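Open the model in your viewer and keep the selection panel at hand. Each stop below names what to select and then says what is there.

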Amino acid sequence: MITWPPLLALLIAVPMTSAVLTPAIARGSARRAFWWALAVMSVASIIAAMLIIRVSHEGPFSYVVGGWVAPYGIELRFDEFSAAIAIICLLGTLAIIFSKEYVTHAIAEPRIPYYYTLLLLNLMAMIGFTVTGDLFNLFVFMEILSLSGYALVAVSGERIAEMAAFKYLVMGAVSSLLVLFSIGLLYALTGSLNMADVAERLDGAAAAPLAVAFACITLGFMVKSAVFPLHVWLPDAHAIAPSPISAVLSGLVVKVGIIGMLRVYQIAYSSGAVDMTGLNTVLMWLGAISIVMGAFFAVFQDDIKLMLAYSTISNIGYIVMGLGLASTYGVIGASVHVFNHALIKATLFLGAGAIIHQTGKRTLSDLAGVGRAMPFTVAAISIGAISIVGIPPTAGFLCKWYIALGAMQAGRPFFAFALVFGALFIFIYYIRMVNAFYFQKPKDPSILEVHEAPATMLGPTLLLAALCLVMGVFGRLPLSFIEPAVNRLLAPLGGG
Amino acid sequence: MDVVDARAALAPAVSLVCAALVFAAADHTFWRRFFSISAALFKLGIVMSMLPGALKGVVYTFELVEFTPGVALAFRADALGMFFSVVSSTLWLLTTIYAIGYMEREPNRRRFFGFFALCVSTTVGVAFAENLLTMFLFYESLTICTYPLVIHEETPEAMKAGRKYLAYTLTAGAFVLLGSIWTYQLAGTMTLSQPGILSIESGRTTLTALFACLIAGFGVKAAIMPLHGWLPSAMVAPTPVSALLHAVAVVKVGAFGILRTIYNVFGVALLKELGVCDWLAALAAFTILAASVIAIFQDNFKRRLAFSTVSQLSYIVLGAALLTPLAATAAIVHIANQAFAKITMFFVAGAIQRTTGKTTIHELAGIGYRMPYTMGAFTVAALSFIGVPLFAGFVTKWYLSLGALEADAWWYVVIMLASSLLNAAYWLPVIYTAFFKPPPGTNVEVHEARWTLLVPTLACAVYVIFLGSTASVPGMPLSLAQAAVTFVFGM
Amino acid sequence: MLQDLWHNLDYAASVVLFCIGLYTVITKSNLIKKFMGLNIMETSVFAFIVALGVVDGGDAPIMGAGAEAPFINPLPQALILTGIVVAVSTTALALSLIIRIWKQTGTIEADELRGME
């Protein structure tokens with residue numbers, strides 16, 4: 001047996017400290033800030049890779065902070081779901097590379113180090129959120145990442161950026177309070193904040209407050225992940241933010257709600273004290289409605305980033321529906337879609353960002369024919385579009401396939417029906433987009449003289465597009481990786 | 001006997017490469033033509049090279065990607081698939097030549113020929129699909145690739161037809177996907193390599209719902225009434241498109257999907273037990289008659305052809321739904337018979353339109369004097385549809401009637417006869433108008449269509465006679481169809 | 001029923017406060033008022049959690065001479081200290097956003113701002 005260094009503690013401590021140090025290191029230089037941020041992300045990525053290797057060998061493991069044994073101290077716990085840090089590190093790194101050229105136009109140079117600080121803090125808090133085993137710790141990380149998220153939406157300086165950020169902040173703060181309230185309630189009922197410990201002690205707890213606690217915490221996470229009808233903050237915030245930030249927000253930050261829900265489910269299922277059937281039914285329906293409504297709104301958008309933002313709502317709908325179905329296939333599909341959707345949506349947002357950066361235009365009608373001027377970027381977007389619709393052999397396919405199978409497995413073919421027809425809607429507006437880019441006549445011929453984006457922007461976009469294809473062909477790897485965790489999760493339900 | 005052979009995947013891939021080259025060739029007319037024709041020849045060569053094996057019962061398989069066990073992109077050239085791909089590859093070659101002539105002065109030729117090649121790629125993909133997922137993928141791609149062809153002229157009318165087309169066919173695709181998922185859930189596999197993968201244990205209601213789901217999905221493209229609405233509208237497309245896609249590729253893909261559903265997903269034995277095919281047969285019989293009646297009242301040449309197509313396609317559906325070996329033979333062989341006869345007619349309609357500008361039937365008075373060869377080809381096709389012996393259509397009707405008797409359903413024989421009469425009722429007036437009404441004006445000299453239009457037309461017409469008169473010769477399509485039937489019925 | 005309510009008066013009060021806060025957030029158009037509503041909500045949750053740790057007749061858990069049980073549970077207070085820090089940063093961020101909105105548009109009324117989008 002290999003002895004592993006306390007990587008889990010390093011993963012939180014080192015990058016978090018480094019993130020805060022960014023302005024001091026950069027001393028006003030955008031270039032230094034960029035390289036520092038990249039270095040921090042690289043270190044975090046290496047640690048993350050080692051952790052994932054460990055979890056695939058040994059299964060879940062934990063680390064107790066400061067030597068205080070759980071349940072008294074704060075426990076960091078790494079299980080298969082925590083492997084989401086892989087995509088956080090990957091997207092974070094690529095978003096930082098993409099930012100190098102992108103933000104020089106959007107933000108004044110002396111302020112750029114703060115931009116990287118916020119971005120790093122956001123990413124690190126997300127990593128912390130994913131690996132913590134303590135409920136209050138979960139809340140703190142959630143707040144760090146939310147606050148940095150609100151600020152990042154506002155940095156673009158677009159006319160309605162502050163308004164979008166404020167809307168995001170109000171919804172976000174209310175949802176955080178709901179989560180905090182539930183955590184307090186759970187503490188009152190069990191006298192513990194450690195997730196595993198809470199699950200064990202729930203058994204004797206009174207049913208009514210327990211139901212309130214689980215309903216409130218799920219509601220809070222639903223706002224964070226923008227499930228319809230709690231999505232109102234998302235479209236503006238994601239469309240206004242600078243594109244690398246949109247990629248991070250849409251690909252990762254909304255998933256925080258999902259990972260939070262998974263944690264809640266871990267507590268609820270393993271204790272067996274709470275009946276989640278009602279909540280599951282609500283999640284299923286809201287998921288199905290999110291898919292359809294997200295697609296419905298997206299069809300009528302002309303702004304490409306708004307379109308992508310609404311598409312996020314649809315995809316969150318898929319994930320939430322998969323979770324609500326509570327069947328093995330459904331939950332596996334949903335968990336892997338957390339990963340794959342991040343990949344795909346980042347491809348699309350970075351591609352859209354490159355186009356907006358080069359042309360200065362952001363509506364479909366203005367961008368008609370841009371495919372001839374920026375063939376590589378538009379090709380990457382097309383791959384992203386194919387993936388997000390779920391056409392094999394791309395990344396989106398297997399997850400949706402699994403979620404649909406999950407619906408059949410749960411004996412609810414209607415939801416497979418909703419999924420398939422939602423995909424159809426999604427297909428229609430992505431066809432519109434690709435059609436406009438490639439086949440429509442340019443409204444303004446000057447668009448044909450635009451150059452392809454610089455390498456720091458094109459590189460990450462193409463890499464992500466390639467990954468969309470690779471993850472499609474080797475889609476079985478993440479599925480089999482997550483399967484033991486899902487089996488463990490659903491085992492108390494009697495085989496799912 | 002299964003043999004792993006890349007040719008099964010290569011056949012769809014050729015047209016894909018061709019499409020890429022056509023798009024890359026930009027506005028070089030010569031290279032575009034060169035790529036289009038050489039790819040057509042190459043593909044025909046590949047498919048034909050597998051034919052001797054297929055006749056002996058060899059099945060070529062090739063797996064491209066396996067996602068998880070049982071969910072894969074895989075190809076399998078069995079007798080039924082070979083039959084369909086031989087027909088579509090042959091016709092692709094002829095239509096490409098025809099399209100080069102027809103589209104000579106049209107704008108956007110690059111887009112046209114690029115997507116044209118893609119369509120054929122997807123058609124052969126459907127033919128060779130090893131499982132429902134692969135089939136769905138190509139079935140859906142076909143919809144997408146035909147859309148730019150339908151709206152080629154970009155007139156408001158064309159755009160409207162395009163939207164209608166997409167609405168119908170994309171919804172259909174969703175049903176097919178749903179059916180595939182459902183099948184996988186019930187059977188644990190989606191393969192099309194068995195004579196039926198589902199079993200009665202899944203429950204009668206579930207199976208009936210699944211059957212309805214798959215038939216609705218494929219039935220839209222097969223234009224079973226009342227799902228046929230898109231087909232007449234889509235006739236605004238240029239004639240080579242109507243010819244290849246709406247008489248051959250798109251609609252036949254739907255019919256082929258129904259054959260696969262009946263023979264390879266459910267299996268004959270299970271369907272006999274379920275009894276749902278009686279309903280399908282009744283619906284097909286209704287479509288045969290109703291579409292023919294509507295066709296009589298159409299004056300626009302292409303619209304009459306469209307309704308004739310709706311009617312003819314249901315022969316295939318009826319043949320499959322009767323669940324007897326002889327009816328199945330008729331269903332399969334009608335894929336070829338209808339394809340060659342219908343494409344002849346479309347070529348004629350297009351040639352007349354390009355040469356004289358006429359699009360309605362009452363304008364055709366005396367056209368037989370000006371374009372004798374073209375109208376001769378038309379007559380051959382018309383006689384085939386009516387079911388005159390020695391022409392291709394007769395073979396279908398003969399086997400279908402035998403199959404109906406085999407299934408103790410004599411009333412379908414009556415429907416065959418009625419359909420023949422109706423076919424005569426709407427095709428013979430055209431021949432009469434063309435040859436026996438005096439042409440307007442005095443200047444009656446022979447003015448044929450140019451050779452790129454005429455040669456494919458005549459070739460198809462010759463083939464119609466060939467199919468009808470040599471049906472029993474080994475190696476002809478009929479023997480391939482019989483090989484497929486042998487497998488399906490386990491004989 | 002009424003008896004229960006009386007015993008849990010502190011909890012009931014925080015629920016009422018929470019609802020008042022939520023009502024303010026939803027109905028008020030002025031961004032500052034909206035945000036004050038949010039602060040009320042925060043306070044209610046903090047009060048709720050601190051109240052959890054209270055033991056009847058309990059003392060502050062400061063060890064040393066004269067310390068005797070029962071003690072108040074110190075953990076919720078420690079948590080809420082962190083929570084207050086978070087709340088303060090949220091407030092600071094929100095106020096700075098409101099200032100920038102005001103500078104750019106000259107109004108902080110949500111319904112007027114909606115018209116400007």
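Start with chain A as a whole. Among its contacts with a separation of 6 or more, 81% link residues 24 or more positions apart. Keep in mind that this is a predicted model. The mean pLDDT of chain A is 86, and 97% of its residues reach 70 or more.

**Chain A, overall**

Colour chain A by secondary structure. It holds 19 helices and 2 strands. Its radius of gyration is 22 Å, close to the 23 Å that the globule rule gives for 496 residues, so chain A is as compact as a globular protein of that length. Along the principal axes, its C-alpha atoms fill a box of roughly 70 × 55 × 45 Å. Of the 496 residues, 65% are buried.

Now colour by confidence. Where in chain A is confidence lowest, and where is it highest? Strand E1(A) has the lowest mean, 79. Helix H12 of chain A, residues 304-325, has the highest, at 91.

**The two strands**

Select residues 61-64 and 75-78 of chain A. These are strand E1 and strand E2, which run antiparallel and are joined by 4 bridges. Find A:Ser62; opposite it, in E2(A), stands A:Arg77. Then turn to the faces of E2(A). A:Glu75 and A:Arg77 lie on one side, A:Leu76 and A:Phe78 on the other. All four are buried, which leaves both faces covered.

**Where A meets B**

Show chain B too. The contact takes 19 residues from chain A and 15 residues from chain B. On the chain A side, select helices H16 (395-409), H17 (413-438) and H19 (476-490); each supplies at least two of the touching residues. What kinds of residue make up that side of chain A? They divide into 16 nonpolar, 2 polar and 1 charged.

**The nonpolar core**

Next, select B:Phe83 and B:Val317. They have the most contacts inside the largest nonpolar core, which has 456 residues. Leaving aside residues up to four places away in sequence, B:Phe83 touches B:Ile332, B:Ile335, B:Pro477, B:Leu480, B:Ala481 and B:Ala484.

**Last stop: B:Val253**

Select helix H9 of chain B, residues 239-266, and pick out B:Val253 in it. Is B:Val253 buried or exposed? It is buried, because 27 other C-beta atoms lie within 10 Å. Beyond residues up to four places away in sequence, B:Val253 touches B:Thr123, B:Val126, B:Tyr139, B:Leu142 and B:Lys221.

Technical notes: Residues numbered from 1 in each chain as written. Chains lettered and ligands numbered in written order. Predicted model: local features only at pLDDT ≥ 70, side-chain atom pairs only at ≥ 80, totals over all residues. Buried ≥ 20, exposed ≤ 12 C-beta atoms within 10 Å, placed from the backbone. Pairing = 2+ DSSP bridges. Core = buried A, V, L, I, M, F, W, Y, C linked by C-beta atoms within 7 Å. Contact = placed C-beta atoms within 7 Å. pLDDT = per-residue confidence, 0-100. Nonpolar A, V, L, I, M, F, W, Y, C, P; charged D, E, K, R; others polar. Rg over C-alpha atoms; globule rule 2.2 N^0.38 Å.
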